[in-house]
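Here is a short briefing to read with the structure open beside you. Take a moment to find your way around, and then we will go through a few local features together.

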Amino acid sequence: MDKEMLRQAALLHPEDVFPPFDIIMQRHGFDTVCTFAEQLGGFTVHIPVLRNMFAGCIVKQLDKEFKGGNYADLSKRYGFSERHLRRMLGKP
C-alpha cells in the first residue's frame, strides 16, 4: 500500500491507529510511527517504565558521585531509599 494513502487514512481516522502508536502519532507524527513500524515491525517490544529504561545510566552516575558515605545526599537527589541505593552501588 502506498505510504501517502496510509498517511491520509491515519490523519483522517487517528482513533483507529493501533495503540500505543496512536499516542506516538499524535505527539510525534506519522513519519515517526512509520519509522517504528519499518524498524521494529514484527518484533515483540517491551517498553520498560522510564526509571528502569535508564537504570544502567543511573548506576554509573551514582558510582561517579559516590564519595564513600554520601548516601543521604544521593538518596535525596535521586529519590531512592538509602537501602536501595546501597544495593544499586553493591555496598553492604
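Which residues in H6 meet which residues in H7? On the H6 side they are Tyr71, Ala72, Leu74 and Ser75, and their partners in H7 are Glu82, Leu85, Arg86 and Leu89. Please keep in mind that this is a predicted model.

**How the two helices pack**
- Two packed helices are described by the angle between their axes and the distance between the axes.
- Helix H6 covers residues 71-78 and helix H7 covers residues 82-89; their axes come within 9 Å and cross at roughly 100 degrees.
- H6 and H7 therefore count as roughly perpendicular to each other, since that label applies to angles of 65 to 115 degrees.

**Around Tyr71**
- Two aromatic pairs turn up in a search of the whole structure.
- In the pair of Phe66 and Tyr71, the ring centres are 5.0 Å apart and the planes are at 50 degrees, so the pair is tilted.
- Tyr71 is buried, with a relative accessibility of 9%, and Phe66 is buried as well, at 17% relative accessible area.
- Arg86 lies over the face of the Tyr71 ring, 3.8 Å from the ring centre.

**A cis peptide bond**
- Between Pro19 and Pro20 the peptide bond is cis, and its omega is near 0 degrees.
- Pro20 itself sits in the loop between helix H1 (3-12) and helix H2 (21-28).

Methods
Residues are numbered from 1 along each chain as its sequence is written. This is a predicted model: local features need pLDDT of at least 70, side-chain atom pairs count only at pLDDT 80 or more; totals for chains, interfaces and linings use all residues. Side-chain values use heavy atoms; hydrogens and water are left out. Rings of Phe, Tyr and Trp (its six-membered ring) pair if their centres lie within 6.5 Å; planes under 30 degrees apart count as stacked, over 60 as edge-to-face and the rest as tilted. Buried means under 20% relative accessible area, exposed over 50%, partly exposed in between (1.4 Å probe, protein chains only). A charge sits over a ring if NZ of Lys or CZ of Arg is within 6 Å of the ring centre and within 35 degrees of the ring normal. Axes are lines fitted to C-alpha atoms, for helices over the stretch in contact, and angles run from 0 to 180 degrees between N-to-C directions. Helices (H or I, at least four residues) and strands (E, at least two) are DSSP runs, numbered from the N terminus. Angles under 35 degrees count as roughly parallel, over 145 as roughly antiparallel, 65 to 115 as roughly perpendicular and the rest as oblique. Contact means heavy atoms within 4.5 Å.
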